[in-house]
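Notebook open, model loaded. I want to go through the fold, the packing and the charged pairs, in that order or close to it.

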Amino acid sequence: MVNKSKYIAFSLVLLGIDQLIKYFFYTQPERLGIFGYYLNENFSWSLPVSNTVVIVLTVLSLLGIIYWRKKLFGPSMAWYLMAAGAVSNLIDRLARGGVVDYIFLPYGGIINLADLMILSGMAWIVLSSYGNRPNKPIN
């Protein structure tokens, strides 16, 4: 079994990589193929929600991750990925007033590594939950 500190270290390395890439595109905003600088001052999918509200929601989400990680199942790594992704985007909001996105998707949307960390952590928990269900017929 892998030590929990290795999960935390890996998540922090990804957080650091995401912050380095964001800093690069923040200081060098030229577009390089599908990569480039975009400051998303709104919420996910550019929903018009104030930065202050998003910061509060992020802090509440992080507290929820800490609480539910102890109460629910799921691979530890998935929870740490989600937390590190949320912290990376929170750093952007506090430092720059929005989240630096840098991966332009072919069919619309702009994301970053932190978004992928959050999404993969959530998907990992959902997919792992299928093996933890009791074998009862659905009525």
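Ground rules before going on. This is a predicted model, so I keep to local features at pLDDT of at least 70 and to side-chain atom pairs at pLDDT 80 or more, while totals for chains, interfaces and linings use all residues. Numbering runs from 1 along each chain as its sequence is written, and side-chain values use heavy atoms, with hydrogens and water left out.

**Entry: the fold**

I find 4 helices and 3 strands in the protein chain. Helices (H or I, at least four residues) and strands (E, at least two) are DSSP runs, numbered from the N terminus. Along the sequence the pattern reads α-β-α-α-β-β-α. I also checked contacts (heavy atoms within 4.5 Å). Of those between residues at least 6 apart in sequence, 71% join residues at least 24 apart.

**Entry: cover and surface**

Buried residues come to 33% of the 139 in the protein chain. Buried here is under 20% relative accessible area, exposed is over 50%, and partly exposed is in between (1.4 Å probe, protein chains only). The chain exposes about 9,000 Å², with carbon and sulfur atoms supplying 69% of that. These areas are Shrake-Rupley values with a 1.4 Å probe, and for residues only the protein chains shown count as cover.

**Entry: helix H3**

How many of the 21 residues of H3 are buried? I get 16, so by the burial cut-off the helix is mostly covered.

**Entry: nonpolar cores**

I traced the largest nonpolar core and got 11 residues, including Leu14, Phe25, Met77, Tyr102, Ile111 and Met117. A core is a set of buried Ala, Val, Leu, Ile, Met, Phe, Trp, Tyr and Cys residues joined through side-chain atoms within 4.5 Å. The elements giving two or more residues to this core are H1 (4-27), H3 (76-96), strand E2 (99-104) and H4 (113-129). Apart from it I noted another core of 10 residues, among them Ile55, Ile65, Met82 and Ala86. Ile111 touches Asp101, Tyr102, Ile103, Leu105 and Leu116, leaving aside residues up to four places away in sequence.

**Entry: salt bridges**

I count 3 salt bridges in the structure, each a side-chain nitrogen of Lys or Arg within 4 Å of a carboxyl oxygen of Asp or Glu. In H1, Asp18 and Lys22 sit 4 residues apart, about one turn of the helix, and their side chains meet at 2.8 Å, N to O. Lys22 also meets Asp92 at 2.8 Å, N to O. Lys22 is in H1 and Asp92 in H3, so this pair ties together parts 70 residues apart in sequence. Asp92 in turn meets Arg96 at 3.3 Å, N to O, and these two are about one helical turn apart in H3. Shared partners join Asp18, Lys22, Asp92 and Arg96 into one network.

Are Asp18, Lys22 and Asp92 buried or exposed? Asp18 is buried at 0% relative accessible area, Lys22 is buried at 0%, and Asp92 is buried at 0% as well.
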